[in-house]
Amino acid sequence: MDGGERIDLSRPIGDTVKATTCYMCACRCGIKVHLHQGRIRYIEGNKDHPVNKGVLCAKGSAGIMNHYSPARLRKPLKRAGERGSGAFVEIEWEEALTTLAARLAHIRATDPKKLAFFTGRDQSQSLTGWWANQFGTPNFAAHGGFCSVNMAAAGLYTIGGSFWEFGEPDWEHAEYFLMFGVAEDHDSNPIKAGIAKLKARGAKFVSVNPVKTGYQAVADEWIGIAPGTDGLFVMALIHELLKADRIDLDFLVKYTNAPWLVRRDDGLFVRDAAGNPLCWDTRTGNTASALSPDVAPKLVGETTLLDGTRAVPVFELMAARYLSPEYAAEKVADACGVPAATIKRIAAELAHAAFDKQIVLDQPWTDWAGRRHAQTIGRPVAMHAMRGISAHSNGFQTCRAIHILQILLGAIDTPGSWRYKSPFPRPCPPGPKPTGKPEQVAPDKPMGGMPLGFTLGPEDLLLDRDGKPMRIDKAYSWEAPIAAHGLMHMVIANAWAGDPYEIDTLFMYMANMAWNSSMNTSGTMRMLTDKKPDGTYKIPFVVYSDAFASEMVAYADLVLPDTTYLERWDCISLLDRPIGSMEGPGDAIRQPVVEPDRDVRPFQTVLIDLGARLKLPGFTNPDGTPKFPGGYADYIVNHERKPGVGPLAGFRGRDGSKSGVGEPNPKQLERYIENGAFWRHHLEPEQMHYKHANKGYLEAAVKLGLIDKPDQIVMQIYSEPLQKFRNAARGLGAVPCPPEHRARIEHACDPLPFWYPPFEGEMVDTNEFPLHAITQRPMPMYHSWGSQNAWLRQILNDNRLYVNRATAEKQGLADGDWVWIVSHHGRVKGRIKTMEGVNPHTVWTWNAIGKRKGAWNLAEDAHEATRGFLLNHAIAELLPEKGGLGHRYSNSDPVTGQAAWFDLRVRLEKCDPVEAGETAPLHPALQAPPNLPPRPEISRFGAEFKR
Amino acid sequence: MTAYTPPTGKQLGLVIDLDTCVGCHACAVNCKEWNTGGHSAPLPDRDPYGADPTGVWFNRIHTFEAGEGATSRTVHFPKSCLHCAEPLCVEVCPTGASYKRVEDGIVLVNADTCIGCKLCSWACPYGAREFDDDDGVMKKCTLCVDKIYNETLPEADRVPACVSTCPASARHFGDLGDPDSAVSKLVADRGGYELMPELGYKPTNRYLPPRESKAKAGCTGAPAALETRIDPDALHPVLRWVDRILSR
């Protein structure tokens, strides 16, 4: 049969195909975009690309619908009504930029920190941060503070890399994979591909997450842990391993600070005159540099130094801590909701996989001291962790504990374990320090360094002369001393309160702060519109750049419309968040696949234009002309951060023959395009493991400009920077910790990981709020970008609150009931769905489905606005006041300032029947920006390609 | 019933691995993307930005739980046309618009002769047919017939969109009529099964059941617990390591 049908089996997909980088989430997969007569026909994964190797997730495949969204902004907008109403008039770019440049010039000439510049889900932070530096404001960060800074900071201070961004499981060789708190968090395609590989090989996959969706559904074993107790679980595993003496002592001695001597008096390392940490060398019976290869250090036993100070090796402190009965499996089982026998079994399985299934590769390599090793030993236990660890106020120490577990198993950068993604490892922590001390912030001057960095102790904090925070988000103050990504979630609240000071202009990019990216969403909207007695806004001027009519647009005075990701140049830079892998460093570009059909400009090009208008040194030639007249593409090719080092590491040098370091290559972008829009450097086989101590790797990394020195990178079980903050809280050191912060700093800045209950649960009555409430990211969506997409919203446009069936039954709740989700801060109305696979004390919902009426050019009766709800309304940005001090800390990790989204505690109250049917709070519909296209009643997208 | 088995015995189809499918919808959306501009274009979406967005999808993912309590299983179940060997949808079609290709067994609908009577969708027990109420014709999974033979594409790309895009390698494509094909061997190795065989339509697509989970003690070869060598309640438990000297 042929049905009488003629089928054109070999119709070309389109007339053109262009390689670029996806931006439908943060994973930066390579894509090939097929065009037909200038229209986007099909997007597929790029098979050659190191991140996704040809596959593409639902988000990436739905990029067409984001690109052609009727919510795309069309022209610069000037507010024409009350802020928050959505009333705008269109203006020309020249007016927008002239207005903004004049305002910014005044700020810069008077008090540059009155500009708060925060850039959300920005993938160009090496430019935006550098712009802030050139402008002279310390008030810069992107969205890391409310995303995963706990993971980044804990990793970078402990092992010199981190989960996701700077490391990945060795999927090819791992025998055991332990994953914590990952829903659809990064990185999305590689994890799915990796799990498939693991399972095909028969490796075991254990997933720790209160909710059994997504990856959890295919795990061999699901640990439905109580939120915020992962640290306890991990320390109990460590307790078991120590108690059985099933740890890799050799790894500890060679690659970590386990033998370093800690002074009993001040808890700092014993150092020689040159600053080298010391150990007790049993060969000489004396102290010796702990960095020397020629020592046999003592791991246990107190030493009395010549000056009478007593000192003890890190190993002893660590072992004593985790052998403590408080971390026994039986002791933690109830709190974690995990039986003691399960904890003990998993500890046994970890040890079995690491030691009894040891991998021996016949791969010689040379260690940092020049010693040749004939083989490469692997400990095939891999781990990965993300949001479920990160989004708690104990997340930093919990993530550090996971790294300690990896270290004890010798399972860092070995075959089968977690492996560094080059350009990592970098020293723990990497440099540089943050910039923004009082003497660095002055009118009409660059700061002289990047705003964000890594503090090594109290002397690196950004405090004014009264000891108050220099930054509007209070990053690098006593409230968040290692806030390596800033606290974007606190900017609006602090600016509104004038705490620590008032600002003039809030300039934001790509972060929906008036909706799903803020805690206390309703309160945030009020703050953005609140006025002083004189009738002026408390936050005087708000500038926002976005590609879409998101909720935040309505709260801006000036809107700079951005392009979509398919209309722009971008670089995924080694100076920022590159796409390296365990096999070598890499970076990538985006190229314009189509020209904008609206009066919009790429934000980065606009920023460079503003830089030139403001005559910022980095953006201006000595004669005053713009340094990068060709916009972002010009900057990507020609900017040098230091001689020979620019945004892209590939195809450098005049002829494109150099990698890493080399003069700018005028044809660099063409070379990237020829190469599929990415560049990667393949490490030699003997450089690929033990990179932290591999001479071949370290020397190659110096040549490529990835690190400054080829020194061994020693993992920091015991963190001296933390101890320095703790000492300040004990009244020691040159920078005193103010009395009101001392107890908190002393507690949180423990140099060895420990567990403490998340703050909110300690500060509210848990009888009144018995349930944990968390969100999970749906696989096909990336926050608000996904839930506006014509295809993706057919998969999910109405989020329920998922409740354990037994828990719901006890409370007389049934599927479909409308409930009030009540926290100490507020309440949200939503509909429940019962399920089996969720921790009984936990309720959860999908992240960022709920939308404000009128936003995103969705109909006002779209389910996202009427039934979809946002848990954010119930989450406070500040912790309750404690101890009558009047001070309220942010709802964040006390070390890093990471937003503690998942600390939320709630109770459920069944709605009155009259209340059912619609979500609350329900804010008035936003007015759509002028000239958005009408919403089609039907989309026949694709019909035009059938020819 | 009419015999539809192609004389060649060739029967193209999909093998879907429920052991690794995480329910990410990558296959569904890439399918939509390919096919909305492909042979059956378009796959329209009604009310795409309104209260009830409803579109034509050739592949949908159903997620449900099986069992109760902590041992329950979360199942992600992708479903599209199964390209039956004895397709009732073809049998009932009054115009012959629904047909099964003799070359490879793919079940298709000829839009030119489909009268939109929906008898086929009533007949299909798997709910795999999708009515385009805009064009008034029935549409369905074509197994990307305009991709798998497409000579303008590199050989490696000539597989259905859902297969090439699947991040979890949970979808396989091949000739299930050939017992020696890679997909047939995969089905044999993993105990692949057909959906509702009792109905007698002989669906071509196969599902691979989840592998046995390694949750129980002993599954990895490890003991149920580690042997305790140190008494944490001892005065100085760390003394265990006092004489353990290793060189750097």
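1. Strand S35 (residues 938–939) of chain A runs antiparallel to S2 of chain B, and two bridges join them; strands count as paired if DSSP finds at least two bridges between them. Within this pairing, A:Ser939 stands opposite B:Asp45 of S2(B). Helices (H or I, at least four residues) and strands (E, at least two) are DSSP runs, numbered from the N terminus. The model is a predicted one, in which local features need pLDDT of at least 70 and side-chain atom pairs count only at pLDDT 80 or more, while totals for chains, interfaces and linings use all residues. Residues are numbered from 1 along each chain as its sequence is written, and chains are lettered from A and ligands numbered from 1 in the order in which they are written.

2. Turning to the two chains as a whole, 89 residues of chain B are in contact with 102 residues of chain A, where contact is taken to be C-beta atoms, placed from the backbone, that lie within 7 Å. On the side of chain B that touches chain A, the elements giving two or more residues are helix H1 (26–35), strands S2 (45–46), S5 (73–80) and S6 (98–100), and helices H4 (145–148) and H5 (161–165). H1(B) gives the largest share of that side, with seven residues. By class, this side of chain B has 41 nonpolar, 27 polar and 21 charged residues; Ala, Val, Leu, Ile, Met, Phe, Trp, Tyr, Cys and Pro count as nonpolar, Asp, Glu, Lys and Arg as charged, and the others, Gly among them, as polar.

3. Chain A is assigned domain 1 (159–423) and domain 2 (759–915), with bounds that come from an automatic or database domain assignment. Taken over C-alpha atoms, the centres of the two domains of chain A are separated by 33 Å, and the contact takes 21 residues from domain 1 and 24 residues from domain 2. On the side of domain 1 that touches domain 2, helices H13 (387–390) and H14 (395–408) of chain A each supply at least two residues, and the residues of that side divide into eight nonpolar, ten polar and three charged.

4. H14(A) also takes part in a helix pair: its axis and that of helix H5 (residues 149–158) of chain A come within 8 Å and cross at roughly 45 degrees. Axes are lines fitted to C-alpha atoms, for helices over the stretch in contact, and angles run from 0 to 180 degrees between N-to-C directions. The two helices, H5(A) and H14(A), are therefore oblique to each other, given that angles under 35 degrees count as roughly parallel, over 145 as roughly antiparallel, 65 to 115 as roughly perpendicular and the rest as oblique. Among the residues that make this contact are A:Met151 and A:Ala154 of H5(A) and A:Phe396 and A:Arg400 of H14(A), and the contact residues divide into five nonpolar, five polar and one charged.

5. In chain B, three strands form an open sheet of mixed pairing in the order S10-S1-S11, with S10 (171–175) and S11 (206–208) as the edge strands, each pairing on one side only. The twist averages 25 degrees from one strand to the next. Strand S1 (residues 12–17) of chain B runs parallel to S11(B), joined to that strand by three bridges, and B:Ile16 stands opposite B:Tyr207 of S11(B). Helix H6 (residues 182–190) of chain B packs on the sheet, touching S1, S10 and S11 of chain B, and its direction makes about 120 degrees with that of S10(B).

6. Some backbone details deserve a check by eye. Most residues other than glycine have a negative phi, and most peptide bonds are trans. A cis peptide bond joins A:Gly431 and A:Pro432, with omega about -15 degrees, and A:Pro432 is placed in the loop between strand S22 (418–420) and helix H15 (491–497) of chain A. The peptide bond from A:Asp499 to A:Pro500 is also cis, with omega near 10 degrees, and A:Pro500 is found in the loop between H15 and strand S23 (505–509) of chain A. B:Leu143, a residue other than glycine, has a positive phi near 55 degrees.
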